[in-house]
Amino acid sequence: MQLTYFDSNSWLIELGGKRILLDPWLVGDLTFGNLSWLFRGTKTSSHPIPENIDLILLSQGLEDHAHPPTLKQLDRNIPVVASPNATKVVKELGYTQITTIAHQDQYIFENTIEIKAVPGSPVGPTLVENGYILKALDSGLSLYYEPHGYHSQTIKEFSPIDVIITPIVNLKLPVVGAVIKGEKNALEVCQWLKPQVILPTAAGGDINFEGLLISFLSTEGSSEQFQKQLQENHLSTQVIEPKSGEKVALDLKPLISC
């Protein structure tokens, strides 16, 4: 398994001989509803759009997961697997091969990758977006992704899982509390799934953030602190924090699922 991090929640996953582009933000700025005065993310380093993409995987319909300027740059014929909310975005952009999966749905991509949708992050009072469990059918290697740190207890049945991509630090707003849940939630999911490796997402990369919202955000935790917490809880999970655009080849031993 090889992983390349492209800042925020954007990843290239190379698994089972397939190249999967996850929640891509690769070009332009990141805003929500064009409210750049409230929040704006700008990349400080640029990377070419990856070539030979086999699948686009979208966990949410918000701009930091289904980024319209990036999706406009990609080939509309690339197959897409998406949450129901993200499906609305790619349909409007003219993508031709869209598979929508809701919680507990399973999809087999080209007889090589099993994709399971699990409950993920709440967005508003009624909508819960997707997390994903990916498994290579040839090697059995598996990966779990949830970008905001909301982990459903339903994933316990899939333990062990080789790799987790999820936040390991908290991002907090006054009164509201943590909007990105790392630390405690990340430790708990490692206790459930016993991964060999965990990689942080959501709060990293070569990005400058500005806007009114940023002045109220605070961060708690670090990779070093989280690695110490893992050790204190007798977990052998390794924290790997990749640099922007850097491909990480993971030396994993296939695990036997319970």
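Axes here are lines fitted to C-alpha atoms, for helices over the stretch in contact, and angles run from 0 to 180 degrees between N-to-C directions. Helices (H or I, at least four residues) and strands (E, at least two) are DSSP runs, numbered from the N terminus. The model is predicted: local features need pLDDT of at least 70, side-chain atom pairs count only at pLDDT 80 or more, and totals for chains, interfaces and linings use all residues. Residues are numbered from 1 along each chain as its sequence is written, and side-chain values use heavy atoms, with hydrogens and water left out.

Start with a helix pair. Helix 3 (residues 183–193) packs on helix 4 (residues 223–232) at an angle of about 40 degrees, and their axes are 11 Å apart. That angle makes helix 3 oblique to helix 4; angles under 35 degrees count as roughly parallel, over 145 as roughly antiparallel, 65 to 115 as roughly perpendicular and the rest as oblique. The crossing of the two helices is right-handed, meaning that the near helix is turned clockwise from the far one by less than a right angle.

Contact means heavy atoms within 4.5 Å. Helix 3 brings Glu183, Ala186, Leu187 and Cys190 to this contact, and helix 4 brings Gln225, Phe226, Gln229 and Leu230. An α-helix has 3.6 residues a turn, so residues three or four places apart point the same way.

After helix 3 comes Lys194, with a positive phi near 50 degrees.

Now the sheets. Two strands pair if DSSP finds at least two bridges between them. Within it, strand 10 (residues 127–136) and strand 11 run antiparallel, joined by four bridges. Ile133 has Tyr144 of strand 11 as its bridge partner.

Strand 3 (residues 18–22) pairs with strand 5 (residues 55–58) in the parallel sense over three bridges. Leu22 has Leu57 of strand 5 as its bridge partner.
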